[in-house]
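Here is my note on the model, in numbered points.

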Amino acid sequence: MTRLSEAPHGRQLRIVDIQGGEGVRRRLFALGFHKDDLVEVNSQGILRGPLLIKNLTADTSVALGRGIAHRIMVDIVPDEG
Amino acid sequence: MKVDTPTVIFLGQPNSGKSTLFNAIAGHKALTSNFPGTSYKHTHSEVNIEGRLLNVVDLPGTYSLNPSEPAEKVILSHLFQEKPDLIVNVVDASILGRSLELTLELLELGYPMIVALNMVDLAEKKGIHVDPKKLEKLLGVRVVPTVASHGRGLKELLEAAFFCLDNRCPVVSLSWSGDVEEEVGRLAERLPTEIIVAGNARFTAIKLIEANKTFCVGVLAEAKPELKSELDLAKKRIEDKRRAPAYEVIAAERHHLALKLFEESSRVRRGKQLSWDQRVDDVIMHPVLGYLILLLIFLAFFFLIFKIGGPLEGLLLGPLGRLRTLLSGWLGAGLIFHLADGLVQGIGGGAAIVLPYFVPLLFFMAFLEDLGYLARAGFLLDTFMHRIGLHGKSVSPFILGFGCNVPAVLSTRILESPRDRMITSLLIPFIPCSARTTIILALVAFYLGPAWALGFYFFNILLVAAIGRLLSLFFKDPSPGLILEIPSLKAPSLMNMARKTYLELKSFVKFAWPLLVAGSIVLSLLQFLALDKVLNAAFSPLVVHGLGLPQPLGITLVFGFLRKELSLIMMLQALGVEYKNLLTVISREQILVFTVFVSFFIPCLSTFAILWKETGKKIAFLSAGLSIAVAIAASLLVRLIF
C-alpha cells in the first residue's frame, strides 16, 4: 500500500482508502472517486504542483492537490502477463 | 409565470452538454462552456415549442444533490421551489458510470423525469456502445440518445417530454442493498408529514441520513427530539455494520448501482489506441511542454488581437476623422455642432477604437472556453496560485476576467471556501478586461509598440500576484486544496463560438455603447458650457501634480468609472486632437501613466455592482479603496521610472 502522491506514474492503482476531512471525501465521492476504483497518475504540475489523476473505472480525469493525494491510499495493480 | 405553463428543468453534471442541449431547444439563450460549473447563472425561458408553451429552466451543472459549492446549493433550492413538472436529466454517455450517480439521486427525488443520453457519438468513438432500450428498462424512465452539438435526437427528446407531461410518467426509485434499504424504509415510515421534502418520505429519509449537520437535521432535533435520536440510531446501525460513515455507505451504494447499470446496458470495446484528445492532452498537460504552450497561448492571444485590431482600427479612423471635419464645416462651432460631435465621437469611437479589439478577444476567449483549456490552465497554474494563497480553481475566474470582470466575479461561485471566493473577487478587478485591453492596445501598443503593451501585461500580472500575496496575509484560513475535474477536450464548434461572441457583442451594443455615446455627448455639453474646466481644476492636484498629466484629462477619469473605454474615447475629445495626432499634445510617458492609472484606479460601475451583490457592501468598497491606492502607487512608480 502506498500514498497516491508517491505512487509511480502510468501504473494501474487501486484505491484502498480515502482519508481526510468529511468535506474533501464528500467532494471526491461526488466526482466519482470511490474505494476500489482503478486509477492512474498521468502528469503533475511543476514545483510540487497538483497531480493529474485518471480514474479508469469512471473514465474521468481530476486534478488533485498534493495534500489531498497524500491522503488517498492505493495498491499497485500487478501488470497482466 | 402562468399557472398552466408546465415547468421543465434541465439538470445534469457539469460538461454533460446540458446548456448546449438547452440552447438547441430553447433558442440560444444560455451560454455554454467546457469548464465545470461555468453556467453559473440559471436561465429561465418561456418557449413555444410546437405550439406548446413551456417554462424551461437551465440550472448549473452539479455532480450530486449533496451540494458543496455555492453554485450547487442554488440547485436544491430551485428544485424544491419550482416543483418541476418534468426533469430532463442530461447524461454524458461517454462517462455513463459516473453520470448515472446523479440520475439515481434524481430518481430518489421522484419527480417525473426523462433521460437525454447525450454525446453518444463521443461514447462510440471511445468504444462504448450504450443500448438505450436496455437502460430505459433498468431505470424505468424514457432514455433518448442525443448529440446536442449536432441537434441529433432533439425531436425524439421533445416527443418523450410531451408524452410525460401529458401522461405523468411514474418514477420508481431503485433499491439498494437490503440492510441499508431497511434502515431507510424504517425511518421514512416514521417521518411526520410536515418535515417531508418534495412529498417524498424516502428521499427525505435518505437526505437525513447522508446530509451533513448543517442540512435540516438541526431543525429536526428541535422539532422532534425523539425522531432525532431515531435517526442517530439508524445511522449508527449502518455505520457499525459497514464500518464507514453513513454518507460514504450511501455514496457507495449509488456508485455500485450506477456501475452495475452501466455494465448491464453497455458494451465496451476499449482498444489500446490513443485518441486525438489523449495525445493532445499528453502534450498540453506535460510538466514542461504544458507551461511552454500556456505561455505561447498567452502571447498568441495578445498578438492575434493586436494584429487584427490594429489595422482595423487604422482603417476605420480615417473616415471618422473626415466626418468630423465635414461636420465642423457644416455646423460651425455652436451647440448643435458640439452635440453632433459628441454623438459621432461616441458612436465612431466605439466602432473604430473598441470593436476592432473587442471582437477578436471575445472570439478567442470563446475558443479557450469551449476547448476545455480553462481547467487545464487551472491544473498548470495551481502551484503559482498557492504562492498567492489560492489554488488552481481560481484560475478559471481569472481567465474569464480577461473577457469581462462581471461574469468572472459571478463564476467565483464554483469555489467551495468563502475565503477563496473573497480573495479571488478582490483580485479580479485588477485583471485587464477587454475594455482595458482595448485601452492598452490602442494607446500603449499603438504608440509605444507591442513590446511595451506586453510588458504592461506582465507588470499587471505581477501586480495581481503581489496583491494576492498581501491579501492572503490577512485571510489566513487554510484552503482545502485542489479538487478540479479536467473535462475531456472538445473540438470547439465554430457555430457555438460565433454564437457566444455574438451574444457578448449584443450586450455590449445594448448596454455599453449607449453609455459611451451618452458620455461623449455629456462631455461635449460640458465643454460647450465651459464646465469641464471647473471639474478639471478640482482634479488638478492629482492629475497635474501627482500624475504629471495634462489638466484636461481630469474629467475623463471620472467617467472611466462608468466604462473604462469611455476614458479612452473622452481622452481624445478632451485633448481636442485626432487619434493620429495624439503625440503632439501628450508624451509617451504620459500615455503610459494614463493607461496605468485608468486600468487600476477603480472597478467599473458594473463590476462594483456585481461585487456588492455577490460579496457584500464591505468587500465592494474595500475593492474600490484598494484599486485607488494601487492605481496611485503604480502610476507614481511608472512616473518615477520613466
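1. A term to begin with: two cysteine sulfur atoms within 2.5 Å of each other are a disulfide. Keep in mind that this is a predicted model.

2. What is the hand of the link of B:Cys164 and B:Cys169? The angle about the S-S bond is -105°, and the link is left-handed. As for burial, B:Cys164 and B:Cys169 are both buried.

3. B:Cys404 takes part in no disulfide. The nearest cysteine sulfur belongs to B:Cys433, and it lies 6.2 Å away. The cut-off at work here is 2.5 Å between the sulfur atoms.

4. Are B:Cys404 and B:Cys433 buried or partly exposed? B:Cys404 has 31% relative accessibility and counts as partly exposed. B:Cys433 has a relative accessible area of 9%, so it is buried. The cut-off for buried is under 20%.

5. Now the fold of chain A. Chain A has six strands and two helices. Along the sequence their order is β-β-α-β-β-β-α-β. The radius of gyration of chain A is 12 Å, close to the 12 Å from the globule rule for 81 residues, so chain A is as compact as a globular protein of that length.

6. Extent and contacts of chain A. Taken along the principal axes, the C-alpha atoms fill a box of roughly 40 × 30 × 25 Å. Contacts in chain A between residues at least 6 apart in sequence include a 56% share that joins residues at least 24 apart.

7. Burial and surface of chain A. Of its 81 residues, 58% count as buried. The accessible surface of chain A is about 3300 Å². Carbon and sulfur atoms account for 47% of that surface.

8. How far apart are the mean positions of the positive and negative charges of chain A? Chain A carries 11 positive and 10 negative charges, and their mean positions are 8 Å apart.

How values were computed:
Residues numbered from 1 in each chain as written. Chains lettered and ligands numbered in written order. Predicted model: local features only at pLDDT ≥ 70, side-chain atom pairs only at ≥ 80, totals over all residues. Heavy atoms only, no water. Helix = DSSP H or I, 4+ residues; strand = E, 2+ residues; numbered from the N terminus. Rg over C-alpha atoms; globule rule 2.2 N^0.38 Å. Buried < 20%, exposed > 50% of the residue type's maximum accessible area, 1.4 Å probe, protein only. Contact = heavy atoms within 4.5 Å. Areas by Shrake-Rupley, 256 points an atom, 1.4 Å probe, with all protein chains shown as cover. Lys, Arg positive; Asp, Glu negative; His and termini not counted. Charge placed at Lys NZ, Arg CZ, Asp CG, Glu CD.
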